[in-house]
Amino acid sequence: MSIRGSLTALVTPMNEDSSIDYESLKDLINFQIDSGIDGIVAVGTTGESATIDFEDHIKLIEFFVKESDSRVPIIAGTGANSTEEAITLTKAAQNVGADAALLVSPYYNKPPQDGILKHYLKIADEVQIPQILYNVPSRTASFIDPSTVSKLAKHENIIGIKDATGEMKNLEDLKNLCKSEIDSGEFLLYSGDDFTFLEFLNLGGHGTISVTSNIVPAIVSKICKLAEINFSEAQALEESLKELNELLFSESNPIPVKWALYKMGLINRGIRLPLIEINDKFKKPLETCLNALGLLDE
């Protein structure tokens, strides 16, 4: 499987009592697909996976699969810091029809590299679904070393990595160490950092898994397409999103992006504790930015 281009790490809409709002989710999925996005990540970090129980987690993935109706690939967030839990989640995602799984590196318990290697190999051995590694040490305190990635890239079920470090040196190391698998199209590189994703693509990345594309999927999709044919135009579009990117990470993701979607009339204002609604001091700047981009009704 080759999933390239613009992928959205979609929020999970919630009502004010924090229950899941499936009607809004349906609209969001269709908004993304109609805007030209190439794939959707369901119940990842942006989808508040940390506070969604197993039953709702799988129910959500199944909803994504049915609503997308094969129009775009659905990548299920199924990572955990327990290997057995990650296997259970990944198997369940496979059973409800997810196209691939995104597995964050084990968080909090800080395994050594050999533990990370064995964690991912065990999941890949036991679940026959395409799997994408996810390296986001700023959240997990767990870094997947490029040398570890090079060993994992050889597994037929491991098809890529989402790199959210924002470090181009890390990208270069991945390209060098995984060159054979990348050249054959068996292993793909995804940016997980909205601030640097165009540079990542320009240096050989294959796609981006974006938070910002919750808000402007058509623009992020266009940047990805232009990256290969008109880089200067892609840069101009990226520059137009600079302020939005900064504001969407003014507090922990997905606090700002959920409030932005609420102001756009796309979701209710629900979010689950321990996350809370965005601080008042960030509301006006974000609203002004959304208005400047033509995203709010007059």
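The structure is a predicted model, in which local features need pLDDT of at least 70, side-chain atom pairs count only at pLDDT 80 or more, and totals for chains, interfaces and linings use all residues. Residues are numbered from 1 along each chain as its sequence is written, and side-chain values use heavy atoms, with hydrogens and water left out.

Strand β1 covers residues 5-9, and 5 of its 5 residues are buried (under 20% relative accessible area with a 1.4 Å probe, protein chains only). Strands (E, at least two residues) and helices (H or I, at least four) are DSSP runs, numbered from the N terminus. Two strands pair if DSSP finds at least two bridges between them. Strand β1 runs parallel to β8 (residues 207-210), joined by 4 bridges; here S6 has T208 as its bridge partner. Strand β1 is also parallel to β2 (residues 39-42), with 3 bridges, and T8 is partnered by I40. Between β1 and β2 the chain passes through helix α1 (residues 22-34), making a right-handed β-α-β crossover (clockwise from the first strand over the helix to the second, with the strands pointing away from the viewer).

Across the whole structure, the search finds 1 cavity of 30 Å³ or more. A cavity is a set of points on a 1 Å grid over the protein atoms alone where a 1.4 Å probe fits but cannot get out. The largest cavity holds about 60 Å³, a volume being the space filled by probe spheres set on the points. Its lining residues (an atom within 4 Å of a point) include W259, Y262 and R269. By class, the lining has 6 nonpolar, 2 polar and 3 charged residues, where Ala, Val, Leu, Ile, Met, Phe, Trp, Tyr, Cys and Pro count as nonpolar, Asp, Glu, Lys and Arg as charged, and the others as polar.

Notes:
Buried means under 20% relative accessible area, exposed over 50%, partly exposed in between (1.4 Å probe, protein chains only). On a 1 Å grid over the protein atoms alone, a cavity is a set of points where a 1.4 Å probe fits but cannot get out, and a pocket is an open set with protein on both sides within 12 Å along at least five of seven lines; lining residues have an atom within 4 Å of a point.
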